[in-house]
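Hi,

Here is the structure I promised to pass along.

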Amino acid sequence: MTTSDHSVLTTKDIVVVDLMAETKEEATRALAQKLVDDGRVTDLEGFLEDVAAREAQLNTGLPGGIGIPHARSSHVVVPSVAIGTTSKGIPFGAEDGPAHLIFLIAAPDGAHDEHLHILAALARKLVHDDFKESLRNAKTPAEIAAIITKEVQK
Amino acid sequence: MIVTFTANPCIEHTLVVSQFEPNEVNRAVSHHRDPAGKGINVSRALAQNNVETVAIFPSDAVNGPWIVRSLAVEHVETMTISIRDDVRTNVTIVDQSGHTTKVNEAGPTISASDQDAFASTLESALALRPDWLVLAGSLPPGIDVDFYAHVGRMARDHGVRVALDSSGAGFAAAAHAGIADFMKPNLDELKELSGRLLPTIGDVVAFSRSLLRDEECSIVVSLGSQGALAVTTETHLWAVHEPVSVKSTVGAGDCTVAGYLSADIDCRRQEIGGEEGLTVRLTTAVAWGSAAVQLPLATLPGPEDVTMHRVHVHARPDEATHIKDL
């Protein structure tokens with residue numbers, strides 16, 4: 001099995017444009033499967049349990065059509081951000097409506113601070129409408145991966 | 001109990017109009033008035049979260065008593081010092097297309113006798129043996145630049161810990177006097193104080209340590225959406241809140257201070273010290289600050305708004321990391 005470049009957070013292989021999913025569980029599973037296929041996550045069900053544990057505490061949906069399911073997990077090999085877009089929207093618990101941009105953050109368990117770097121970088125970027133707009137307007141996984149590499153990767 | 005001092009309080013009068021037009025009669029679709037000023041904000045945030053607090057501030061004939069009554073409704077006790085000039089009213093016009101227009105009054109000029117009255121009122125509050133005295137906000141015209149340093153020494157003589165959150169010359173004088181047990185500058189304020197650029201975590205940590213009097217003292221440097229760094233002589237921690245939707249950053253720094261101090265009281269009661277205690281304090285500080293930015297202008301978070309488990313903490317991040325790369 002060939003995998004994408006693991007030194008970057010997002011490659012085209014872990015981006016899905018027009019995600020086929022009705023629920024946040026389906027969306028998260030579809031993106032997590034991409035991470036498994038790319039060798040970034042070792043155990044799909046184990047990883048999904050860790051994401052669900054976080055999601056059970058509080059919805060990760062943000063106003064403005066954003067969903068950020070995430071977990072630090074022992075099943076994660078390298079820090080990764082899988083991304084799904086959907087024009088019809090998937091409910092992630094935000095008050096103002098469904099999510100059109102979904103960021104699945106996967107960080108390895110352990111003493112590293114990659115998880116914080118990803119959260120901080122996304123927090124900084126998501127304040128800007130043009131960042132969200134550029135992702136929504138992107139037509140291909142490669143375009144989206146390039147935006148993340150440029151704007152979020154440190 | 002936490003005593004706050006606000007040298008230059010104000011009434012924040014917010015007017016919401018559908019579309020603001022200069023040179024026209026604009027009609028407000030809604031309006032509200034809030035008591036404000038950094039120390040008053042800290043007290044309001046503490047009271048919202050059921051922490052006992054007393055706010056001390058100068059009061060005129062009209063605006064001051066209004067602030068006192070408004071704070072009483074929010075369970076904030078007050079002690080005031082009468083002054084001759086008007087307490088400020090700051091007007092904010094918010095337009096529904098998102099434009100904000102502010103008109104701030106300069107505020108009163110403080111005389112030498114006013115300043116003596118400030119000091120003696122603060123001294124009587126210190127006699128109540130509060131857990132903390134919070135000196136917050138910049139000093140108004142007329143007050144000696146070393147007023148905070150002077151009051152801080154007074155607090156230390158009473159065995160009361162001092163939190164300092166200010167800027168400008170009054171902050172610099174107090175920060176270098178070693179009177180503060182806790183300070184919460186943002187990165188720009190810390191840079192200004194150091195006169196340097198402080199590009200890396202190591203630079204921020206080293207300069208912050210130069211301001212710490214002993215191992216009991218701490219500094220939290222707020223970094224906006226990138227969270228905050230806590231520094232003691234022993235360690236440094238970085239905390240980030242998960243991404244949130246930002247409504248208004250006004251007052252968020254004051255909530256950060258309130259969160260830190262509230263957690264400090266809990267930690268001392270439960271004897272949680274060292275890095276564990278610092279983690280709890282920093283997590284609470286960042287959680288309260290992040291809760292505040294998600295609320296509309298001048299709305300302060302209560303317990304139901306604070307999401308501690310959405311704050312992630314990392315001990316001793318690499319000192320070579322540039323702050324801009326966090």
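Predicted model: local features only at pLDDT ≥ 70, side-chain atom pairs only at ≥ 80, totals over all residues.

**Where the chains meet**

The contact between the two chains uses 18 residues from chain A and 18 residues from chain B. On the chain A side, the top contributor is helix α3 (residues 114–126), which supplies nine residues. Sorted by class, that side of chain A has 11 nonpolar, four polar and three charged residues.

**The two domains of chain B**

Chain B is assigned two domains: domain 1 covers 1–20 + 28–180, and domain 2 covers 183–326. Their centres, taken over C-alpha atoms, are 22 Å apart. Where they meet, 26 residues of domain 1 of chain B are in contact with 22 residues of domain 2 of chain B. On the domain 1 side, the elements giving two or more residues are β2 (10–17), α1 (38–48), β8 (132–136), β9 (161–165) and α5 (168–177) of chain B. Of these, α1(B) has the largest share, with seven residues. The class breakdown for that side of domain 1 is 14 nonpolar, six polar and six charged residues.

In soluble globular proteins, nonpolar side chains tend to be buried together. Here, the largest nonpolar core counts 132 residues, and the members touching the most others are B:V134, B:L135, B:L164, B:A174, B:A228 and B:L282. Helix α9 (residues 274–293) of chain B gives the most to this core, nine residues. Both domains of chain B take part, with at least three residues coming from each.

**A sheet in chain B**

There is also an open sheet of four strands in chain B, in the order β3-β2-β6-β7, with mixed pairing. The strands at its edges, each pairing on one side only, are β3 (28–36) and β7 (100–103). From one strand to the next, the twist averages 15°. Within the sheet, β2(B) and β3(B) run antiparallel and pair over eight bridges.

Cheers

Conventions: Residues numbered from 1 in each chain as written. Chains lettered and ligands numbered in written order. Contact = placed C-beta atoms within 7 Å. Nonpolar A, V, L, I, M, F, W, Y, C, P; charged D, E, K, R; others polar. Domains from an automatic or database assignment. Core = buried A, V, L, I, M, F, W, Y, C linked by C-beta atoms within 7 Å. Buried ≥ 20, exposed ≤ 12 C-beta atoms within 10 Å, placed from the backbone. Pairing = 2+ DSSP bridges. Axes fitted to C-alpha atoms, helices over the stretch in contact; angles between N-to-C directions.
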